[in-house]
Amino acid sequence: MATEWDRWQPSPAPEFTLRDHRNRKFSSIKEFNGKPTIVVFYLGHGCLACAEQLQKVIDHHGKFNAAGFDILAISSDDDENLKQSIKYFDGKLPFTIVNDPKLEIFKEYRVHDDFEEQPLHGTFIIDADGLVRWQDISYEPFMNVDFVLTESTRLLDQRARSEFVKTSR
């Protein structure tokens, strides 16, 4: 007989405070509070595949926003290279990009190869309660932004249905 301990449970997203290219603080506790978020870890301005992935996310920003999701990108760049990343997109970013040059948050989210001692690419769907509902961590960025949009919407709907079932009992 299966118990609730036999089922997969989403894990809490690690909390953090990072800064953007203007040195403004971004706190995951404050920013994620009650808002589902897509978090993209990327390797900075020198990674062309990352730039391509971020452009796809930018192109889909309106759809994510309409579905109720915020977007956050976390770069491995130092402060100066983060500014270069912003310039690459002509400063027209519809979402926040922060940096983690010491890779502390990359490591907390396990978006880091401990053997090779290098950051990896990561895409996460975090729900309004701060729980990681889906993730992809790899040596390559996850380019299927349509899948992330569809899956994030499906997971959010699934969560809403389970909340409805709990309250209607």
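## Report on helix α4 and its setting

The model is predicted: local features need pLDDT of at least 70, side-chain atom pairs count only at pLDDT 80 or more, and totals for chains, interfaces and linings use all residues. Residues are numbered from 1 along each chain as its sequence is written, and side-chain values use heavy atoms, with hydrogens and water left out.

The protein chain has 6 helices and 10 strands, which are DSSP runs numbered from the N terminus (helices H or I, at least four residues; strands E, at least two). Of its 169 residues, 43% are buried, meaning under 20% relative accessible area, with exposed over 50% and partly exposed in between (1.4 Å probe, protein chains only).

Helix α4 spans residues 79-88. Its buried residues fall within an arc of 95° seen down the axis, so they line one face of the helix; the arc is that of the directions from the helix axis to the C-beta atoms. The cover over these residues includes the strands β2, β4, β5 and β6.

| Side of α4 | Residues |
|---|---|
| Buried | L82, S85, I86 |
| Exposed, on the face turned away from the buried side | E80, K87, Y88 |

At the N-terminal end, D78 caps α4, with a side-chain oxygen 3.3 Å from the backbone nitrogen of E80. Just after the helix, D90 takes a positive phi of about 55°.

Conventions. Contact means heavy atoms within 4.5 Å. A polar contact is a pair of N or O atoms within 3.5 Å; within protein, one must be able to donate a hydrogen and the other to accept it, and residues adjacent in sequence count only if both atoms are side-chain atoms.
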